[in-house]
Amino acid sequence: MTYSLRVSRKCRGDTGPIDTTQLHTQALTKKPVFVCHFHGVLPLTHMECQEEKPIIYTMENKPIVTCAGDQSVFTSLYTSLAQQLPREPMEWRRTYGRAPKMIHLEANFVQFKEELLPKEGNKALLTFPFLHIYWTDCCDTEVYKGSVKEDMMRWQNSLRAHGSADWVIVVVETNDNKKKNKTNILPRSSIVDKIRSDFCNKQNDRCVVLSDPLKDSSRSQESWNSLLLKLRTLLLMSFTKNLGRFEDDMRTLREKRTQPGWSFCEYFMVQEELAFVFEMLQQFEDALVQYDELDALFTQYVLNFGAGDAANWLGSFCAPVRSWSGLLLRRPIDMEKRDGIQRGEASLLDLRSYLFSRQCTLLIFLQRPWEVTQRALELLHNCVQELRLLEVTVLEGALDCWVFLSCLEVLHRIEGCCDQAQLAANCSHTVGLWAYATDKLKSLGEHCGLVSEKGPTSEDLNRTVDLLAGLGDERPETVNSLQSPYKKLKEALSSMEAFERHYLELSHAAMEMYRAIGRLRSARLVGKSLAEFYMRKGDPERAETFLQEALKSYVSEGWSLPVTHTRRQIAECQKLLARTDDYLQTSALLAGDVNLTMEERKHFCQEILTFADKSGDPSHKVTLGMGVFTQLTRLQFCPATASVHSGAVLQVELTLRCLMPVSVRIQQLAASIHFDLERGGTNGRSKVAQRQTNPGTVEFLQADSTEAPPFSVAGPPLELDEIQDRSPSDNSLNSAGVVCKNTHLVMRRHDSNSPLDTVNCVSPPAVAIKEGGQMLKVQDVTLQPGNNNIIFTAPSGQPGTYTLRQLYATVGRVQFVLPHIYPSVQYEVYSQEPQLTVEPSSEPLLAGLPQRVKFTLLTGHYAVKKGDALQLSNTDTMPILPSTSCTACISNPAAELVGESVLSIQSSEKVTSISLPPTPPYHTLEFQLEVLCVIPPGTDRSTNERLTNGEVRHRPRSYSHPDTPMTAIDQRMSIDCPWSIYSTLLALTFYIPFKTKHSLLSAGNRKYIQVCVQNVSDVNFTLAEVKLTEKQHALLELQSLNTKTQQLLCSKHSVFCLWEVRWKDDLPSCLQCVFSADFSPFNQDISTFKPFYYQFQLERVTTLYSVRAKILPPAGEQYCRSGLLCGLEVCMTRLTEPAEGEIAEDSKTDTDSLKTTKLMYEVADSSSNWAVCGKSSGMVLMPVAARATHKVQIEVMPLFAGHLPFPKIKVLKYMPHTAAVAIQPDPDSCVENDSLSLLDKTLDDQTDTASIRSRGSVHSVGSGDQQQKGVAMPRLEPFSPGQVFNHSNMQQVLVLPSTDDHIMEVNAT
Amino acid sequence: MNYTSRANNYPLYIRSVPTQNELKFHYTVHTSLDVVEEKISAVGKSLGDQRELYLGLLYPTEDYKVYGYVTNSKVKFVIVVDSSNTSLRDNEIRSMFRKLHNSFTDVMCNPFHNPGDQIQSKAFDGIVSGMMVQTG
C-alpha cells in the first residue's frame, strides 16, 4: 500500500507540522507518488504559473521525518526547526565512489504513525520515513517512569518491528519545567542518563538534549546547533543506508532482465522512484542519470531487437501507433503517460515522450536548455529510426505530425525559459529543430495535397482527417494559448493558404537562423527546398531566386552533381517563365553536362536547336555565352609567324571542343577582329615575338566546368618580379622584394568572381557584339561532339595589327558569343617597299673580267607591270655586257618558282634599260647580268690624274681590302626604278687580280725596264701579248727580251717581263711607259682575253756617274791578305753633260765660278768583311761636266780570307743649306736631315776635314730654332736608281789568308 | 556513404554506396561543411595547435549520421553513415578517418598527383571500398 501525498501549495502549513489528517492520505491503490518541485527559483515555472493555472500535482516534497512523543513540545519547536534545518549544508558522502556532495537538508515532519512504516518488500521510497524522532520534555523521574518510558518502549518496538534503526530521542529542557517541578527535581542528567541507559545501550548519540530552546541565549543556541547537526547527520546516514539498500535492490532487479517475465515497465517504475528521491533532494544531476540509464537501457533493447534478440516485454511497444500528439513538456510529470507505462500499455512514442519530458524538466532545472534542444533532435531522429527498426505500423504522415508537434513543443518550452537575447544568441541550438519542423511540415503538406496547384483531392482530405484524428484533443494546458503547436498543425492542415503561411514562416525562420550563424550552405538548402515548394505551387519566379542562390554556392565550390540538379530545376523555372535567353543558356549548360544521361543532354540540346530553327521573328536573336556550347581550345596560324605581307594568305585554324551531345550545324562561325593601324611597322617580322613554345599556336586554358575547377585550385600562375627600393640620395639599397604582378587575378575572390562563374554563368553574359569590323568567317560548319578544327582565312588587306576579339557561332536565331578571346591573339600584316639588291653570283668579283651579278627584286607592295623597266646609268668603268639570253625567275613569298621569262635589255649610250616581266606583289624577281669592271691602269696617282675629265661622275676608288691581298674597287650603279622617283644607288666591290711592279735596271749606260705582274687572285690566268710602249718619245725603242707569247700565271705567282731601252740621240730623263697584256682565266678561249694595262713613269733615267772601285793589294803583295791594310780606290766619273734641269735643280745657287756639284761618298761594309780604316766617307766637289773624275783613296782591311765582295760605296747628292731655300719644306726632307746629322757625327769622329764647313750649321740646327730647320738644313739626297752606275758592284777580290794565320775558322751554318 | 573534401570545399573524392541516392548524399555532405567550418573556427579559438582532427558527429539527420574530420592542412573528410547502422561506434568511425587520412597522405605523396585534382588512385579507392564493405 502506498500513499499519495497530495498537498497543494495552499494547504502547505507553515505554522505547524503537517498532520497526517492533512496529508490527505487517500489510499489510492497503486497510485504513484507525484513529485514535483515548485520552487520559484526558476523563472520558467513562474512564467508558466502565471500563464496557466497552478497544476494540482504541484507540491513540494521533502524527506519524511516522523515525530513521536510529546506533540506539544514538537509543535512549539517546529517553526524554528523547519527553518534552521536547511540552513547549513551538509556533506553527503556517497557510496560506489560517487563524489561527495554538499546538500541542504529539509524535512517534512509528520506525526508518527505505525502505518507510515514501510512494509516488507515495499519499494516506495518517497513515502519512506527516513528518521524517527521522539520528543519529550520530561524532567520528572516519576513521570518518566510512569508513562514516558512506556511510550518510548512502544515506539521503539514498532520501529524495531519494521527494521528501522534511524531514530533519535530529543529531550527538551527548560528552566520553567525545572521550576515547576522543583520537588521532584533530579539532577538534570539523570533523566537523560536514564533514557540513554534504557534505550541507547551503545548509541549514546541517539539521545540529544535541547536546552531552553525558546530562549535566546548562547546555551540555547549551542544546544540547537548540536541538535541540528545531529539531525542532519542522522538523516544523511539514513539516506545513505536506505538509498543504498534501494539501489542494491534495483540492481538486482536489473540483473534479472534476461529472465523471462522481466518487465521493463516495472523496472522503469523502480528506477524512477530513485530519480524522484534524488529530485526531492534536489540532486537533479543524479535524477537525470537515472532517466538516462533508463533511456540507454531501452535503446539497447530496441537495438537488440533489431539484431534479432527480441525481449517479450517489447511487444507492447511494437503495437501500432494510434496517437501522435507530440511531446508534452509543460507538465513536470505527464501522469497519463506514466500510468500507461505503469500499466504496460504505453506505446514507444509514449515511453519516449514521457522519458524525454522528464529529462527536459531536469535539464531545465539544471539550467541547460540548449541540451534540451540537442537531445530533442536526437530523440526525434531516434524515434523515427526505432519505429522503423521495430517495424511498428504507423499511419503515413503520423510521424511527421509527431515530429512537427514535438519540435514546436520543445521550441516553445525553450522560448518559455529564455529571454529573446539568449534565444538569438543560441539559435545554433534551435535551428536544427526549426529546419526539421519545416521539413516535416513540407512533407505533410505534400502528403495531404496542400502543395499542389489544384488543391487537395478527396483522398488527400481523407488522409488529413486520419492524421488529425491521431492528434486527439488538445491538451488542457494549451487549450487557451493561441499559438500552441497543436493549433498550428491543425490550422496548417486545414487549408492551402494556412499551410503556405505556416510553411513559409517556418522556412524563413530557419533560413534566417542559418544565415545568422553563418551556415550559409544549410540556409541555401532550405532555400532550395522552398524553391521546390514554389515550383509545385506554380510560382517559378520565386523559386528561381532561391535556386540561383544555391547554384552559385555549388558552382563556386565545384559540386558538380548538385550543380547539375539545381540547374535542371532552374531550367524548368525558366521554361515556365518563358525567359528564352536564360532558358537557352541553361539548356546549353545542361546539354554539355556529363552528369546527365545522354537522353537528357540530347533533350536540352534539341531545345536549343528547335528554338534556333523556329521561323519566328528574325530580329529576335538570342545571344548566349560561347563557353557553354563549345570551348576554344587552340588556335593555330599558318604561317606560324602570324605575320604576312598585305594581301597574302593567312590561315587561322581554330580548335573548338564542342560540348553538345550531338553534332550541331552552324550557319556561320565568325571571329571579329580589331584592326590597329600600322602598329607593327611596315616590315614587322621581328615584332612577332611568340611567347608560346609552339610557334603560331595559342593554347587556351579551359576552366573545365565538368571536372573539379582547376582555376580555383591552382589559380593563375603567379607572375613574380623583383623590386628594389633604392634611396634617392645615394642609390643604396633600402629594400628588395618580390612583387606579384597579377594580384588582381590571383587574389580575386573565389566565390563571386571566379573565372568559373563566367563559364558557368547562370544568366547569359551581357555580350556587346562589336559589329562592323572585319571578320573571320566560315559558313555552314557542322560541329561534331568533341574537338573540331575550323580553318579561317584571315583578312590581310591593310597593313597593321589585327587582334581577334570575339568569336560568334550562329545557329539559326541563336548566337553563341565568346566575348573575349584570352590570351589575346594577334597577327600582323605588313607592307613592304620594293627592294632591289645586286650581289655577285660568285665571290669575289674580279675586275677586268666579265662577271655575273645577280639582281634581286623584292616587289613588296608594288606590282610590276608590263613595260616597267630598270634604267641603269652606264659607266665607263663598269659596262654592262650584252648577253644573248637573260632569264628572270619569279618566285612567290614561299620561295617557290612561279615563272620564268626572258628579259630584254636595251642599251643606249648612257642608259641600259632592262624590261621587267610583270610580277605580282611580294614576289621575288631574280636575274643575272654580266658586267665588266675595267681595271684602272697604273698606280693610284696616275688614275686620279687620268680621270680628271671634268665630268661629275663617281670615280671608282680602289683600296686594299683587309681580307684579301687583292686591291678592291667599289663600283656604284645608279638605277632608276619604276616605283620610285629617286635613283637607287647600289655598290659592287670588284677585286683586281694583279699587282704590278716595275723597275729600271741599268748596265753602265744601257737601260732595261722590268715589269713584274703578280697574280694575287685564286684563279690561274693565261697572260699573252705582253707589251711595253713609251708614249712620248717616238725615237725610243723598247726591245722586248721576252721570249714567250703566252704565259701561264698561276695563282699567287708572278711573271717578270724585261725590255731594253734603246735610244738614238739622247736618253730622255723621263719615260712614260704603258705595260699592256691580254689575260684570261686559264684554259679559256682566245676570245675571252681581256686587256690589262699598267701605266708608269720613270724619271731620271740617265746614268750621271759611274763609280769604279779598285782594291789595291798592299805594297809588295800580289793579293790582298786578311788583316793587312789595302787600299780602296774609288773613282767617280761624270758621264754626261749637265742637262738643263739638272743644273737648275742641283746647283743653281752654287754656280759661283765653276759649275760644281757636291757629292758625298760613303764606304760601308754591311757584312763585316771589311774594316774601313780612317775616314769612310767624304765630300767631293765634282765639276758638272762630262768626263770629270774624282778619285778617293780609302784604306780598308779585309777581315777574312777568300773572295770577298767589295765594300759598298754609296754616292749621294749633298745639298748645302743655302740651296735649301728654294726647296720646299716637305716632311720628307726632314727625315733626310736626321739621317744627315747622324752621318755628320760619324764624320766628326773620324776627323773629317772636308765637312768642317757644314758642321757649324749642323750644330746650329741642332740647337737652333726648329722653324729654321727647313731653310738652313743641308741635306743629302739619294740619286734615283740608274743615275749612278757602280761598276764594281758585286765585284769580288781574292784575299789570301795572313801568313801567320794558322787558325782556320770554319763556320758551318 | 563516404566523402573527402579539401580546404576550399571543392570535392576531391566522393564515393557513395548505394549510388541511387547519390545526389542526396552530395547535398548532405555539402551542407555538413557548414558545421565543419563552424567546428574548426570554434576549436581554433580555444585550443592552439594541439587540435583533435576528429570532429565527431557533425549533426544527425533522420536518415544519416554525418561525421567529420579535418587535417591540419584543412582537408576535410566526411563520412555519412545510415542512421540505422548501429554497429558503428565512435571509435570505429575515428579509425576509419585515420585510415582515410593515411591513404590520402599517400595519394598526396605521389609525385604525379597534382594537388587539387580529383583523386584518382586505385589504392585510395581500395581503402574506401574496403571500409564500405566493412560497414555494410
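User: Which side chain of chain A meets Glu62(B) in a salt bridge?

Analyst: This is a predicted model, and the answers below are computed from it. The N to O distance of the pair is 2.5 Å, which is within the 4 Å cut-off for a salt bridge. The pair crosses between chains, with Glu62(B) in the loop between strand 3 and strand 4 of chain B and its partner in helix 14 (residues 427–447) of chain A. The partner is Lys440(A).

User: Are Glu62(B) and Lys440(A) buried or exposed?

Analyst: The cut-off for buried is under 20% relative accessible area. Glu62(B) and Lys440(A) are both on that side of the cut-off: buried.

User: Which residues are linked with Glu62(B) and Lys440(A) in a network of salt bridges?

Analyst: The network takes in residues of chain A and of chain B. Besides Glu62(B) and Lys440(A), its members are Arg388(A), Asp400(A), Lys24(B) and Asp63(B).

User: How many salt bridges are there between chain B and chain A?

Analyst: Over all chains the count comes to 53 salt bridges. One that joins chain B to chain A is Arg519(A) with Glu38(B), where the closest N and O atoms are 2.8 Å apart. Between chain B and chain A the count is six.

User: Which element of chain B gives the largest share of the side that touches chain A?

Analyst: The rule finds 13 residue pairs in polar contact across the interface of chain B and chain A. Two elements of chain B give two or more residues to this side, strand 2 (11–15) and helix 1 (22–46). The largest share is 12 residues, and the element is helix 1 of chain B.

User: How many residues of the side of chain B that touches chain A are charged?

Analyst: Chain B brings 28 residues to the contact and chain A brings 30. On the side of chain B, 11 residues are nonpolar and 11 are polar. The number of charged residues there is six.

User: What area is buried between chain B and chain A?

Analyst: Carbon and sulfur atoms give 57% of the area. The total, summed over both chains, is about 2700 Å².

User: Why does the salt bridge of Asp34(B) and Arg521(A) join two chains, and what is its N to O distance?

Analyst: Asp34(B) lies in helix 1 of chain B and Arg521(A) in helix 18 (residues 520–537) of chain A, so the pair spans both chains. Asp34(B) has 3% relative accessibility and counts as buried. Arg521(A), at 7%, also counts as buried. The N to O distance is 3.1 Å.

User: In what order do the elements of chain B run from the N terminus?

Analyst: Chain B has 136 residues, of which 50% are buried. Its elements are three helices and five strands. Among contacts in chain B between residues at least 6 apart in sequence, 51% join residues at least 24 apart. The order is β-β-α-β-β-β-α-α.

User: How many bridges join strand 36 of chain A to strand 40 of chain A?

Analyst: Strand 36 (residues 1021–1030) is largely enclosed by the rest of the structure, because seven of its 10 residues are buried. Four bridges join strand 36 to strand 38 (residues 1046–1049), an antiparallel pair in which Leu1023(A) stands opposite Gln1047(A). Strand 40 (residues 1070–1081) also runs antiparallel to strand 36, with Thr1022(A) opposite Ser1080(A). The number of bridges between strand 36 and strand 40 is eight.

User: How many residues apart are Asp1018(A) and Lys1052(A)?

Analyst: The side chains of Asp1018(A) and Lys1052(A) meet in a salt bridge, 3.4 Å from N to O. Asp1018(A) is in the loop between strand 35 and strand 36 of chain A, and Lys1052(A) is in the loop between strand 38 and strand 39 of chain A. Asp1018(A) counts as exposed at 63% relative accessibility, while Lys1052(A) counts as partly exposed at 46%.

User: How far apart in space are Cys1126(A) and Val1172(A), C-alpha to C-alpha?

Analyst: Cys1126(A) is in strand 44 (residues 1126–1134) of chain A and counts as buried at 3% relative accessibility. Leaving aside neighbours within four places in sequence, its contacts include Ile1111(A), Cys1120(A), Trp1170(A) and Ile1194(A). Cys1126(A) and Val1172(A) are 46 residues apart in sequence, and the C-alpha distance is 9.9 Å.

Definitions and conventions
Residues numbered from 1 in each chain as written. Chains lettered and ligands numbered in written order. Predicted model: local features only at pLDDT ≥ 70, side-chain atom pairs only at ≥ 80, totals over all residues. Heavy atoms only, no water. Buried < 20%, exposed > 50% of the residue type's maximum accessible area, 1.4 Å probe, protein only. Pairing = 2+ DSSP bridges. Contact = heavy atoms within 4.5 Å. Buried area = accessible area lost by both parts, 1.4 Å probe. Polar contact = N/O pair within 3.5 Å; in protein donor to acceptor, adjacent residues only side chain to side chain. Nonpolar A, V, L, I, M, F, W, Y, C, P; charged D, E, K, R; others polar.
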